[in-house]
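Please read the following note alongside the model. The points move from strand pairing to ring contacts and then to the chain as a whole.

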Amino acid sequence: MASTSRTRTGRGRGRGGRGGGSSSLPPPPSTLPLIIEEFFIVIYEDPLVKKALPKKFADYLDGQEPAKVYLRAADCGPRLWTVEVLFDGQGRMYLDKGWENFAITHGVDFGCFVHFKYEGDDVLTVKVFDGTMCRKYYYSDDEDTDDESDDDVKPCIHPL
């Protein structure tokens with residue numbers, strides 16, 4: 001008859017065992033660099049007025065305070081929308097002149113969630129989600145437009 005007793009010699013192995021090995025735990029949060037590449041804002045007020053960006057994002061820019069940023073609608077070609085940036089002297093950053101045109105063209109309205117991803121060089125890629133939390137998609141219009149800011153690039157038009 002086979003023995004039903006278990007030995008303890010095989011226990012605790014296979015997941016690093018006891019002591020002696022290097023820890024696979026990440027460093028504590030206070031030692032990690034502050035990287036704020038993505039954030040979102042919720043449109044609770046007039047979608048066409050200047051929009052405050054998170055203070056942590058302004059802090060991430062570390063005093064660079066760009067005079068403008070360039071917004072790109074995700075998955076909508078190379079078109080960049082120039083938007084002036086305001087700083088209030090208390091660390092807050094706002095999208096100002098140019099935001100209204102971007103918001104109108106991309107259907108930003110009350111209840112929308114607007115997701116930003118910082119790409120560097122003052123470029124932010126933007127995704128707009130409606131009040132049902134579904135993403136709004138856009139397509140490039142091949143017809144001529146009245147916007148003469150870019151000769152070869154057409155704006156994205158909503159909806160797809």
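1. Which residue in β4 is the bridge partner of Tyr-70? The bridge partner of Tyr-70 is Thr-82, in a predicted model where local features need pLDDT of at least 70, side-chain atom pairs count only at pLDDT 80 or more, and totals for chains, interfaces and linings use all residues. Residues are numbered from 1 along each chain as its sequence is written, and side-chain values use heavy atoms, with hydrogens and water left out.

2. Strand β3 (residues 68-73) and strand β4 (residues 81-87) run antiparallel and are joined by 4 bridges, where two strands pair if DSSP finds at least two bridges between them. Strand β4 is also joined to strand β5 (residues 93-95), again antiparallel, by 3 bridges, and here Phe-87 stands opposite Met-93. The hairpin of β4 and β5 has 5 residues between the strands, and in this hairpin Gly-89 takes a positive phi near 85 degrees.

3. The whole structure holds 8 aromatic pairs, meaning rings of Phe, Tyr and Trp (its six-membered ring) whose centres lie within 6.5 Å, with planes under 30 degrees apart counted as stacked, over 60 as edge-to-face and the rest as tilted. One of these pairs, Phe-40 with Phe-113, is tilted, at 6.0 Å centre to centre and 40 degrees between the planes. This pair links distant parts of the chain, since Phe-40 lies in strand β1 (residues 38-42) and Phe-113 in strand β6 (residues 113-120), 73 residues apart. Phe-113 counts as partly exposed because its relative accessibility is 22%, with buried meaning under 20% relative accessible area, exposed over 50% and partly exposed in between (1.4 Å probe, protein chains only). Ring pairs also link Phe-39, Phe-57, Tyr-60, Phe-116 and Tyr-118 into a cluster.

4. Two charged side chains sit over rings (NZ of Lys or CZ of Arg within 6 Å of the ring centre and within 35 degrees of the ring normal): Lys-50 lies over the face of Tyr-94, at 4.8 Å from the ring centre, and the charged end of Arg-79 sits over the ring of Trp-81, 4.0 Å from its centre.

5. The chain has 2 helices and 9 strands, which are DSSP runs numbered from the N terminus (helices H or I, at least four residues; strands E, at least two), and along the sequence the pattern reads β-β-α-β-β-β-α-β-β-β-β. Of the 160 residues in the chain, 29% are buried.
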